[in-house]
Amino acid sequence: MTLPETGWSRDQIFAALTEMKAHDLATEGGAAFAYVYDSGERAAAALASQAYSMFLGANGLDPTAFPSLLRMENEIVGWCAAHLGGGPEASGSFTSGGTESLILAVKTARDWARVHRPEITRPEMVVPVTAHASLHKAAHYLGVTLVPCPVDPRSFKVDVAAMRAAITANTILLTASAASYAHGVIDPIAEIGALALERGLLFHVDGCIGAFLLPYFRRLGAAVPAFDLSVAGVSSISMDLHKYGYAPKGASVIVYRDKQLRRHQLYACADWTGYAVINSTVQSTKSGGPLAAAWTLLHALGDAGYLELARRTLAATQAIVAGVRAIPGLRVLGEPEMSLLAFTSDSGGLFLFAVADAMARRGWLVQPQLHGHGAPASLHLTISAGHLAVVDRFLVDLRASVAEVEAAGADPATAMLLQAAGGLDFASLGDEGFTQALALVGVQGGQLPERMAPIHALLDALPAAVREAALLAFLNDLYTAHAPSVAPPGHAASAGSK
Ligand SMILES: Cc1ncc(COP(=O)(O)O)c(C=O)c1O
C-alpha cells in the first residue's frame with residue numbers, strides 16, 4: 001500500500017471497504033457453522049456496536065483514568081463469577097478472547113508454582129488431547145511442557161486414570177474442557193477436581209465455548225453435569241462472551257476461586273524511565289470497545305433473552321444431530337452435550353472434505369477437522385441460535401452434497417497427488433519445499449483454490465509436526481508486505497465530497 005497523497009472521501013473509503021468485505025464469510029444469516037456466533041437479535045447487536053464505538057478510544061491501560069471501564073469490568077466479572085459457581089472470594093479479569101484467558105491461566109499456574117513449588121524448574125501441564133490448541137500455544141509461549149492425555153475413543157472424554165498416571169513431580173496444572181470444541185463433550189470435571197485436590201495441583205477448566213451456554217441448557221432440562229467453580233478442586237475457569245454471549249469479538253473472562261490465586265496473573269513494572277505499568281492481562285493498551293459492547297449486550301438481552309437464545313440453540317442442535325444421523329453413511333462422533341458436533345464417514349477424510357467443498361458451493365461453511373489421537377477426520381458444526389431458521393435447508397443441502405460426492409466417486413487427481421506426496425521427504429523440506437508442495441494442491445502466493453479437499457486431504461495424510469511446518473510456510477506467504485493496494489473507487493465522482 002502507498003498512502004494516498006490526500007485523504008480519500010468517505011464515499012471512496014466505504015466503497016473500498018464494501019468491495020473488500022464482499023469476499024468475506026457472511027456473519028449473519030446462518031451460513032457459517034464456525035467462526036461466527038449469530039444470535040439473530042439485530043436490535044441488541046446494533047446497541048452493542050453503538051456502545052463499541054462509544055468506548056473505542058477509551059484505554060483500559062489505566063483503570064484510574066477510565067473508571068467507567070473499571071466499573072464495567074468489575075460488574076461483568078462479578079456476574080460471570082456467579083454464573084460459574086464462584087463464591088464470595090471469586091475474582092477474575094476481562095480479556096480479549098479465549099486464547100488470552102488460557103494464556104493467563106497457564107501464566108498464573110506457572111507463577112503460583114514459582115512461589116509454592118520453587119523446586120520445579122521444568123513445569124509441566126497435563127492436558128487432554130482434545131484440549132483447544134490455544135492451550136498448546138500458552139504452553140509454548142510460557143515455557144511449560146504440555147503433557148497430552150488420551151481420551152476414550154468413543155466418548156472423546158479424557159481418561160482420568162491416564163491423567164493421574166501423567167502427573168509427575170514437575171506437574172503444576174491440570175486442565176479439561178467444558179465442553180471440548182471438536183466434539184462438544186464435557187470432560188469428567190468432578191473426578192479431575194478430586195484428583196487435583198488429592199495431589200495439591202491447580203485445575204483450570206476451559207469453559208471458553210461452553211461455560212456461558214451450559215447453565216442455560218441445564219435450566220432447559222438438558223443433562224449438564226457440574227463443571228465450574230462449584231466443583232471442589234476447580235481453581236479457575238475461562239468463559240468467552242464473544243461466543244455464546246454473542247458479544248462482538250474481543251470479549252472473554254477468566255475467573256479464579258480467589259484473589260490470592262488471581263494475584264499471580266497480574267504484572268507491574270516500575271523499573272524503567274516511563275509511567276508505572278500495571279497490567280491485569282496480556283494486553284497493555286486496550287480499547288474499551290469490546291468491554292462496553294459486552295456489558296451492553298448482557299444488559300440488552302438479560303437472563304430471559306439468553307434463556308430464549310439457548311432454547312433456540314438447543315432446538316437447532318437437536319434437529320441437526322437427528323438430521324445428520326438420518327443421512328446414510330454419516331456418523332456423529334460421541335454424544336454431543338451442547339451445541340457443537342462432529343460427524344465422520346466410513347468413506348474417509350477425502351470424502352468428507354469433498355462434502356465440505358460441496359456444501360461451500362451451496363453457500364455453507366462447515367469446518368474440516370483432521371484425524372488424530374484416535375479421532376477420525378470429521379466435519380465440525382458450531383450451532384448458534386441464528387441457525388434455527390435455516391436447519392431444514394441446511395439438512396437438505398447436506399444430504400444432497402453427500403449424494404453428489406458419492407455419485408462422483410473417488411477423485412483420481414487427488415488420489416494421485418496424495419500418492420506423489422507420499423514419496424516426498426517432508427521432514428527435510430524447508431519453507432521453499434513446502435511452498436512448492438502446497439502449489440501442487442493449488443495454494444500459491446497465499447491464495448487458496450476453490451477446491452479445498454485436496455489441501456485438507458494432504459494435511460490429513462501428514463504427521464502433525466509436518467502439518468504444522470506446512471501451515472507455517474503457508475502463513476508466512478499469506479501475510480506479505482508487498483500485496484497490491486486497493487485503488488480508490490470512483491475517484492473522480494466523489495473527489496469533492498470529503
Ligand atoms: C474450548 C475453546 N477454548 C479456547 C478457544 C480459543 O478462543 P479464541 O478463539 O477466542 O481465542 C476456543 C475457540 O473456539 C474454544 O472452543
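Trainee: Why is Phe-156 called buried?

Mentor: Phe-156 has a relative accessible area of 3%, and buried means under 20%, exposed over 50% and partly exposed in between, with a 1.4 Å probe and protein chains only, so Phe-156 counts as buried. This is a predicted model, in which local features need pLDDT of at least 70 and side-chain atom pairs count only at pLDDT 80 or more, while totals for chains, interfaces and linings use all residues. Residues are numbered from 1 along each chain as its sequence is written, and side-chain values use heavy atoms, leaving out hydrogens and water.

Trainee: What makes His-373 exposed?

Mentor: The relative accessible area of His-373 is 59%, and therefore His-373 is exposed. His-373 belongs to the loop between strand 12 (367-369) and strand 13 (378-382), and its phi, near 55°, is a positive value in a residue other than glycine.

Trainee: How do you know that Leu-309 counts as buried?

Mentor: Leu-309 has 2% relative accessibility, so Leu-309 counts as buried. Leu-309 is placed in helix 10 and, not counting residues up to four places away in sequence, touches Ser-39, Glu-41, Tyr-246, Leu-301 and Ala-385, contact meaning heavy atoms within 4.5 Å.

Trainee: Why are helix 10 and helix 12 called roughly parallel?

Mentor: The axes of helix 10 (residues 289-325) and helix 12 (residues 391-408) come within 10 Å and cross at roughly 20°, the axes being lines fitted to C-alpha atoms, for helices over the stretch in contact, with angles from 0 to 180 degrees between N-to-C directions. Angles under 35 degrees count as roughly parallel, over 145 as roughly antiparallel, 65 to 115 as roughly perpendicular and the rest as oblique, so helix 10 and helix 12 are roughly parallel to each other.

Trainee: Which residues meet where helix 10 contacts helix 12, and how many of them are nonpolar, polar or charged?

Mentor: From helix 10, Ala-316, Ala-319, Ile-320, Gly-323 and Val-324 meet Val-391, Phe-394, Leu-395 and Leu-398 of helix 12. By class, this contact has eight nonpolar, one polar and no charged residues, where Ala, Val, Leu, Ile, Met, Phe, Trp, Tyr, Cys and Pro count as nonpolar, Asp, Glu, Lys and Arg as charged, and the others, Gly among them, as polar.

Conventions
Helix = DSSP H or I, 4+ residues; strand = E, 2+ residues; numbered from the N terminus.
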